[in-house]
Structures are given as C-alpha cells and as structure tokens.
Amino acid sequence: MLWKDFKDPQLARRITEKIREIAPKRDIIKICHVCGTHEWTISHYGIRSLLPENVDVIAGPGCPVCIVPASEVDEAVETALRGATLVCFGDAARVPGSQMSPIEAKAKGADLRIVYSVIDAVKMAEREPNRDFVFFAIGFETTAPSTASEILKRPPRNLSFLVSHRLIPPAMELMLGIGDLQIDAFIAPGHVSTVIGLEPYEIFPKVYRMPTIVAGFEPIDVLLAIYMALRQIRNRTATLENEYRRAVKWEGNVKARELMRRAFKVISGNWRGLGRIPDSALTLREEYLEYDAHKKYGIRIKRGRDIPPGCRCHLVMIGKIKPTECPLFMKACTPQKPIGSCMVGIEGTCRIWALTTQGSNPKSI
Amino acid sequence: MCLAVPARIIEINGDLAKVDFGGGVIREANISLVDARIGDYVLVHAGYAIQVLDKEEAEETLRLWREILEAEEGRENALERL
C-alpha cells in the first residue's frame with residue numbers, strides 16, 4: 001500500500017539530515033503539536049532523538065479523554081448510578097471523576113457498556129427499548145460528526161446524550177496566551193483537520209505570527225512537518241502549510257461540518273486542568289434537547305476535582321513539563337493503575353510515554 | 001481517539017460499506033459523510049469514514065519531496081510548490 005512509503009526509513013534519514021541542516025544552531029526551538037496520535041508517532045518512532053539537541057517537540061492538549069473535566073465525568077457516573085446504562089468509548093470508562101470513574105461505578109453496580117462507535121449505542125437502544133441508555137459523547141471535531149449524524153436521524157427516545165465534545169483551535173489559542181510557555185510553531189492535528197479544513201488555523205500565522213503546519217501521522221509526515229516548521233522559523237515567515245494533502249482539503253469535510261452545525265451550537269467549555277475556554281465546546285441545539293441527558297435526568301454538575309493531589313496532568317497537557325517530570329509518573333501512576341487522566345486516555349501523553357521507550361529515555365533541553 | 005485508520009471500500013450498501021483495513025480485518029463503516037466509491041481508500045474513525053484519501057496527492061507529495069530533498073540548497077525554491 002502506498003501509505004507504507006510514508007514510513008520509508010531512507011526518506012526519513014534524508015529529511016532528518018535536512019532538519020539538522022536548517023535548524024537554528026543555538027536558539028532553543030519548541031514545536032507544539034496538539035494530537036495524541038502525533039505524540040504516539042513521535043514517541044513510537046523515537047523522532048525526538050533524531051532532532052538536534054536544541055529542537056524539541058512538545059505535546060499540547062490533544063487527548064479528548066484527558067481533557068474532559070471531572071464534573072462531566074461525574075454527570076455520566078450519576079446517570080449510571082441512577083439506573084441508566086452508560087455507553088462510552090473504551091478509555092473513557094477509566095477516566096477519573098471527582099469520586100469515581102465510570103468503570104468504578106460499574107463495580108458499584110452501575111451498568112456500563114463499552115463501544116467502538118455511537119452507532120453501537122443506537123443499535124443497543126433499538127434492541128432493548130425498555131432500557132434507558134446514555135451515550136457519553138467525548139471527542140474533538142473528528143468524532144463530533146458521527147454523534148451529530150446519529151442525533152439528526154432521531155434515534156429511539158430511550159437513548160440520550162451527554163455531549164462533551166470539544167474544539168481544538170480555541171485550545172491552541174489558549175496556549176498562545178500562556179506567557180511563560182514557549183511555542184515557536186504549531187503542528188496542527190491532521191484528522192481534526194480532515195473535518196474542519198484549514199481556515200480555522202489561519203488566525204495563528206495571521207494574528208500570532210505562528211508557523212502552522214497541518215500534518216499526517218506517519219513518521220515521514222511528522223518529520224516533514226518539523227522540517228517545514230523549521231524552514232519557516234529560519235526564513236522568519238509565518239504561514240499556514242498543509243503537509244497532509246492526501247486527506248485534508250481547504251474546506252475540510254463540508255458534509256460533516258454541516259451535520260455538526262445542525263445538531264450542535266458552540267459554547268464555552270471547561271477543559272480538565274485548563275479552565276474555561278471560550279467557544280471550545282459543543283452542546284445540543286434546542287430542536288434536539290429531548291436527547292439531552294442533563295435534561296432527562298435533571299443533572300448539572302458545575303464543579304469537580306480535576307487534578308488529584310500530586311498529579312501534574314494540567315502541566316503535562318500544555319507541554320509545560322514532560323511526563324517524566326511528574327513525581328507520580330511510573331511510580332504511583334502507571335497504565336495499570338492510573339491516577340491522572342493523562343495516564344488514562346489512549347492518547348494521553350503520560351500513557352504514551354509509559355508504553356513507549358520515550359518514558360525511559362526522555363530528551364531534555 | 002482521534003486515531004483514524006485507512007481502509008479500502010470493498011462493498012457499498014446505502015450509507016454502509018464493508019471496508020478492508022488490511023491483514024484480514026474487514027469491518028462495517030458508515031460512509032454517509034463522504035463521497036466514496038468501491039476501491040477508494042477512506043479514513044475510518046469511530047465507525048464513520050471521515051475523508052477519502054487522495055492516492056494521487058499522496059504519490060505527488062512523496063515524489064515532490066524526494067525531488068526536493070535530493071536538490072541542492074539553491075534549488076530550494078521548488079519547496080514553495082508544496
């Protein structure tokens with residue numbers, strides 16, 4: 001298959017040489033990505049170790065499970081404890097709430113079912129009309145269209161939704177407002193971009209003078225994105241470039257965006273450990289409020305305990321520290337017994353570092 | 001969870017398609033968000049195809065980058081084509 005060429009070691013070597021050639025020799029450069037799958041590629045293929053000493057790639061809040069605030073997990077747990085069957089993606093089952101995660105609620109007798117797609121939740125509701133189901137809809141713009149699509153088809157009324165979808169560009173903008181966080185370029189998430197297209201990122205080069213490269217997920221994609229970012233830094237330019245042209249078009253996926261617009265409206269939302277970000281969350285439009293689990297169960301939890309004592313997820317999530325700089329990492333907090341949400345989500349930076357060699361061989365600059 | 005995996009469409013039945021992820025893994029995916037035909041590669045995420053992969057664009061990207069990386073520094077203007 002052609003995509004295998006995007007793993008070509010010889011090409012990777014050549015790009016690495018070019019990176020070394022054009023990288024600034026002394027200044028410390030930090031390139032920030034905002035996608036767990038990018039972190040996986042970078043950690044799995046040891047890409048940080050290929051870069052010059054003064055060039056690092058840091059991970060932003062790109063794990064949708066990690067950034068769901070505890071208060072929204074608490075709401076999901078509450079519906080399950082009240083007798084509804086909670087339906088969620090696999091890693092969302094273990095995401096910590098203030099008191100417990102959905103899977104711990106299951107240990108207390110709640111009914112929890114793990115699915116691969118929202119489609120499975122709809123099928124369950126059709127098969128078991130006498131049971132109430134709540135789908136815990138977590139995910140960025142990549143996932144939100146599938147939730148929208150099923151809601152717009154008006155599924156059975158015994159299925160309702162806790163919509164915890166979040167939008168990536170506002171979180172990127174938030175990061176640029178954190179004064180003591182150095183970011184010299186963005187690598188924008190390829191799969192989010194297949195849906196939203198390029199336009200939402202224009203603000204970064206235009207307003208913030210930030211080089212921004214939309215990139216795919218094979219090692220060649222990521223290396224090329226790093227090269228493109230360094231080329232802009234060297235040339236002192238700031239533009240929006242698309243490395244992932246095989247999947248990302250300027251306009252994104254128009255159909256998917258239209259479904260999202262019809263089902264949801266954009267509101268401000270809390271992100272675990274980061275606080276409230278304007279225009280960063282989705283909620284059901286009035287026409288579909290009959291599917292809102294908040295309304296159906298009369299629950300609205302505003303505050304929760306996002307970060308357990310000692311946990312540094314809030315700093316890991318913005319790339320301020322590396323997982324290895326957290327005192328709990330691989331001591332009290334492990335993939336088997338996670339404490340913070342970054343060790344829970346399959347795209348969480350701590351979990352990825354724990355499961356790849358990155359954790360034992362961190363690059364520090 | 002933003003992981004999306006390329007798969008080839010082998011059968012279409014309305015909004016649903018059978019997709020081949022390779023290695024003998026064949027699953028059903030909803031293709032209502034994309035305009036896809038049998039034989040197309042799509043990116044599948046959480047049961048939905050979210051985009052059709054452009055094979056020619058992929059080949060072109062690799063070809064151009066190979067050419068550019070072989071080129072000397074002075075020919076770097078060609079980079080602007082990407």
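1. In strand S5 of chain B, Tyr48(B) is the bridge partner of His45(B). Strand S4 (residues 41–45) of chain B and S5(B) (residues 48–52) pair in the antiparallel sense over four bridges. Here a pair of strands requires at least two DSSP bridges between them, and strands (E, at least two residues) and helices (H or I, at least four) are DSSP runs numbered from the N terminus. Two residues lie between the strands of this hairpin, and Ala46(B) takes a positive phi near 45°.

2. The model is predicted: local features need pLDDT of at least 70, side-chain atom pairs count only at pLDDT 80 or more, and totals for chains, interfaces and linings use all residues. Residues are numbered from 1 along each chain as its sequence is written, with chains lettered from A and ligands numbered from 1 in the order in which they are written.

3. S4(B) also pairs with strand S1 (residues 5–13) of chain B, antiparallel and through four bridges. In that pairing Pro6(B) stands opposite Leu43(B). Five of the five residues of S4(B) are buried, so the strand is largely enclosed by the rest of the structure. Buried means 20 or more other C-beta atoms within 10 Å of the residue's own, exposed means 12 or fewer, and partly exposed lies in between, with C-beta atoms placed from the backbone. Tyr41(B), Leu43(B) and His45(B) point one way from S4(B), while Val42(B) and Val44(B) point the other way.

4. Chain A has an open sheet of four strands in the order S4-S3-S5-S6, with parallel pairing. Its edge strands, each pairing on one side only, are S4(A) (111–115) and S6(A) (159–165). From one strand to the next the twist averages 25°. S5(A) (residues 133–139) is joined to S6(A) by seven bridges in the parallel sense, and Ile138(A) stands opposite Ser164(A) in S6(A).

5. Two helices are placed against this sheet. H4(A) (residues 70–81) lies across S3, S4, S5 and S6 of chain A and runs at about 165° to S6(A). H6(A) packs on the sheet and touches S3, S4, S5 and S6 of chain A, its direction making about 175° with that of S5(A). Angles run from 0 to 180 degrees between N-to-C directions, and axes are lines fitted to C-alpha atoms, for helices over the stretch in contact.

6. Which residues of H6(A) are buried? They are Val118(A), Ile119(A), Ala121(A), Val122(A) and Ala125(A). They cover an arc of only 160° around the axis, which puts them on the same side of H6(A); the arc is that of the directions from the helix axis to the C-beta atoms. Among the elements they pack against are H7(A) and strand S3 (25–30) of chain B.

7. The contact between the chains takes 40 residues from chain A and 27 residues from chain B. Contact requires C-beta atoms, placed from the backbone, within 7 Å. On the chain A side, the helices that each supply at least two residues include H1 (9–22), H6 (118–127) and H12 (254–263).

8. Asn242(A) is in strand S9 (residues 240–242) of chain A. Asn242(A) is buried, with 25 other C-beta atoms within 10 Å. Not counting residues up to four places away in sequence, Asn242(A) touches Leu198(A), Val214(A) and Val248(A). The C-alpha atoms of Asn242(A) and Ser193(A) are separated by 9.8 Å, with the two residues 49 apart along the chain.
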